[in-house]
Amino acid sequence: MNASQTIRTGDNAPAAAQQHWQPLCGRADLVANSGVVAWLDGAQVALFYLPETAQGEQLFAIDNRDP
């Protein structure tokens, strides 16, 4: 992944969850080994960028809920 790539929802989601692709931010907007919040259709999405895992670079997107 490089700085010019766009992070999109659905990249690694199960086929049933991949209803559409939605650009959210660029790689340069993410903080390595940490999370950032993005808005998607009025909901908060937490994006976690892990650059150095045994599987290589990974990105996770989950609901961002504050209990």
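1. With a relative accessibility of 58%, N33 counts as exposed, where exposed means over 50% relative accessible area, buried under 20% and partly exposed in between, computed with a 1.4 Å probe on protein chains only. N33 is found in the loop between β2 (22-26) and β3, strands here being DSSP runs of E of at least two residues, numbered from the N terminus. The phi of N33 is near 60 degrees, which is a positive value in a residue other than glycine. Most residues other than glycine have a negative phi.

2. A note on the basis of these values: this is a predicted model, in which local features need pLDDT of at least 70 and side-chain atom pairs count only at pLDDT 80 or more, while totals for chains, interfaces and linings use all residues. Residues are numbered from 1 along each chain as its sequence is written, and side-chain values use heavy atoms, with hydrogens and water left out.

3. The sheet to examine is an open one of 3 strands, in the order β3-β4-β5 and with antiparallel pairing, two strands being taken as paired if DSSP finds at least two bridges between them. Because β3 (34-40) and β5 (56-63) stand at the edges with a single partner strand each, one side of each is left without a neighbour in the sheet. Neighbouring strands of this sheet are turned by 25 degrees against each other on average, direction ignored; the axes behind such angles are lines fitted to C-alpha atoms, and angles run from 0 to 180 degrees between N-to-C directions.

4. On one side of the sheet order, β3 and β4 pair in the antiparallel sense over 7 bridges, and S34 stands opposite Y49 in β4. These two strands, β3 and β4, form a hairpin with 2 residues between them.

5. As a hairpin, β4 and β5 have 2 residues between them.

Notes:
Helix = DSSP H or I, 4+ residues; strand = E, 2+ residues; numbered from the N terminus.
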